[in-house]
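Have a look at the picture first, then come back for the notes.

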Amino acid sequence: MIQYKTFEEVQLIKESAQILGKAHGEVAKHVKAGVQTSFLDKIAEEYIRDHKGVPSFKGYNGFPASLCISVNEVVVHGFPSNYVLKDGDIISIDCGVFHQGFHSDCAYTYPVGEVSSDILSLLKATKESLFLGIEKAVFGNRIGDIGNSIQKYVESKGFTVVRELVGHGLGRNLHESPEVPNYGKRGSGPLLNEGLVIAIEPMVNLGTRNIVQERDGWTIRTADRKASAHYEHTVAIFKDRTEILTTHQYIEENYKF
């Protein structure tokens, strides 16, 4: 069942999202070659807790960290670890914040140092597809309109969309109905009504769209071990507008590429 939010509840999610955006910004200051990914997790958790939030991911179904950190061929759900970033890596950082009873969720993929032109094109296309999806996330459209827009754009650029992993509703729970696939048919799926809050999150691969789950039960990587990118925003749908509740502003003030 879809849980529609009141205007007041959307504002609480937006407050959560501000903490999340600024936590991402603090992490962005430290994304560079020579840094352990576990250190980035520590930065995020400290910032979130210092600002009266709780990391949404830590302890969720046993997940051990505040950030999902997914490097290179890892699509999502990678663990922070003693891995040291190096030039040429890409790193997806996904984070959620629980504050005043509501969750927010946001992700961003960074190039570390110099990366190939193919990888830069992958990042650019994935990020652009997120905003094309958001353009279709308007009152009266359907979930399929979002996924169709993302899929058409990504595939036109020669990349592939992961099918098994999707965006989602969120609010009092980190994952709620409806699922928000990054592929689909126009005019299909649940209607987008006022008060719907969803996380839209394209996961796009350089090579095959097929994925593999590692033995840890969490880490998802590409089957061909080629790179994958991931960007995400939480958005709220009103009759007269769609509002992006999360922000990449603080990331992009602190990390240029």
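The notes below cover the helices, then the strands.

This is a predicted model, where local features need pLDDT of at least 70, side-chain atom pairs count only at pLDDT 80 or more, and totals for chains, interfaces and linings use all residues. Numbering starts from 1 along each chain as its sequence is written, and side-chain values use heavy atoms, with hydrogens and water left out.

**Helix α3**
- Helices (H or I, at least four residues) and strands (E, at least two) are DSSP runs, numbered from the N terminus.
- Helix α3 covers residues 117–136, and its 20 residues reach 29 Å from first C-alpha to last.
- Buried residues (under 20% relative accessible area, 1.4 Å probe, protein chains only) in α3 include I119, L122, A125 and I134.

**α3 meets α4**
- The axes (lines fitted to C-alpha atoms over the stretch in contact, angles from 0 to 180 degrees between N-to-C directions) of α3 and α4 (residues 143–156) come within 8 Å and cross at roughly 150°.
- That makes α3 roughly antiparallel (over 145 degrees) to α4.

**Strand β9 and its partners**
- In β9 (residues 197–200), V197 and A199 point one way, I198 and I200 point the other, and all are buried.
- β9 pairs (at least two DSSP bridges) with β7 (residues 167–169) in the antiparallel sense over two bridges, and G169 has I198 as its bridge partner.
- β9 also pairs with β14 (residues 233–237), antiparallel over four bridges, and there I198 stands opposite V235.

Terms used. The expected span of a helix is 1.5 Å times one less than its number of residues. Buried means under 20% relative accessible area, exposed over 50%, partly exposed in between (1.4 Å probe, protein chains only). Angles under 35 degrees count as roughly parallel, over 145 as roughly antiparallel, 65 to 115 as roughly perpendicular and the rest as oblique.
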